[in-house]
Amino acid sequence: MIGNPQWFRPKAFGFGVVPVRWQGWAYAAAWIGSIALPFWLLNARHQPFEAIAWLTLAGGALARDVWKIWSE
């Protein structure tokens with residue numbers, strides 16, 4: 001886990017966390033960029049299988065990190 005639990009609060013409904021400090025917003029933006037950019041580049045290179053594989057693995061890593069933040 002890289003994210004600090006103090007940067008987030010649990011969502012009121014459903015699973016997940018919501019940023020409450022600027023560090024949390026920056027952390028969320030970094031996750032979005034690190035998932036979206038390689039996905040976009042792989043699609044641009046006409047590699048849909050690799051793009052879906054990347055999206056699946058990166059989404060799993062994000063879900064694990066959110067779970068760790070949420071459980072603390």
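**Exercise 1.** In which helix is the place of Trp67? State the exposure class of Trp67 and the surface patch that includes this residue.

*Solution.* The model is predicted.
Step 1: Trp67 belongs to helix 2, which covers residues 48-71.
Step 2: The relative accessible area of Trp67 is 47%.
Step 3: Together with Phe15 and Trp70, Trp67 makes up a nonpolar patch on the surface. The accessible area of these three residues together is about 330 Å².

**Exercise 2.** Describe the fold of the protein and the confidence of the prediction.

*Solution.* 
Step 1: The protein has two helices and two strands. Their order along the sequence is β-β-α-α.
Step 2: The C-alpha trace spans about 40 × 20 × 20 Å along its principal axes.
Step 3: Of the 72 residues in the protein, 22% are buried. The protein exposes about 5200 Å², and 70% of this area comes from carbon and sulfur atoms.
Step 4: Taking contacts between residues at least 6 apart in sequence, 43% join residues at least 24 apart.
Step 5: The mean pLDDT is 92, with 99% of residues at 70 or more. Confidence is lowest in strand 1, where the mean is 91, and highest in helix 1, where it is 95.

**Exercise 3.** How many aromatic pairs does a search of the whole structure find? Classify the pair formed by Phe8 and Tyr27, and say which elements this pair ties together.

*Solution.* 
Step 1: The search finds five aromatic pairs.
Step 2: A pair of aromatic rings is described by the distance of the centres and the angle of the planes. For Phe8 and Tyr27 the centres are 6.0 Å apart and the planes stand at 70°. Planes over 60 degrees apart count as edge-to-face, so the pair of Phe8 and Tyr27 is edge-to-face.
Step 3: Phe8 is in strand 1 (residues 8-10) and Tyr27 is in helix 1 (residues 22-44), so their pair ties together parts 19 residues apart in sequence.
Step 4: Both Phe8 and Tyr27 are buried. Ring pairs also link Trp7 with Phe8 and Tyr27 in a cluster.

**Exercise 4.** Is Ile2 buried or exposed? Which residues does Ile2 touch, not counting residues up to four places away in sequence?

*Solution.* 
Step 1: Ile2 sits in the segment before strand 1.
Step 2: Its relative accessibility is 70%. The exposed class begins over 50%, so Ile2 is exposed.
Step 3: With residues up to four places away in sequence left out, Ile2 touches Tyr27 and Asp65.
Step 4: From Ile2 to Trp40 there are 38 residues in sequence and 24 Å between C-alpha atoms.

How values were computed. Residues are numbered from 1 along each chain as its sequence is written. This is a predicted model: local features need pLDDT of at least 70, side-chain atom pairs count only at pLDDT 80 or more; totals for chains, interfaces and linings use all residues. Side-chain values use heavy atoms; hydrogens and water are left out. Rings of Phe, Tyr and Trp (its six-membered ring) pair if their centres lie within 6.5 Å; planes under 30 degrees apart count as stacked, over 60 as edge-to-face and the rest as tilted. Helices (H or I, at least four residues) and strands (E, at least two) are DSSP runs, numbered from the N terminus. Buried means under 20% relative accessible area, exposed over 50%, partly exposed in between (1.4 Å probe, protein chains only). Patches are made of residues with over 30% relative accessible area and no salt bridge: like charges are joined within 9 Å, nonpolar side chains (Val, Leu, Ile, Met, Phe, Trp, Tyr) within 5 Å. Accessible areas come from the Shrake-Rupley method with a 1.4 Å probe; for residues, only the protein chains shown count as cover. A salt bridge is a side-chain nitrogen of Lys or Arg within 4 Å of a carboxyl oxygen of Asp or Glu. pLDDT is the predictor's confidence in each residue, from 0 to 100. Contact means heavy atoms within 4.5 Å.
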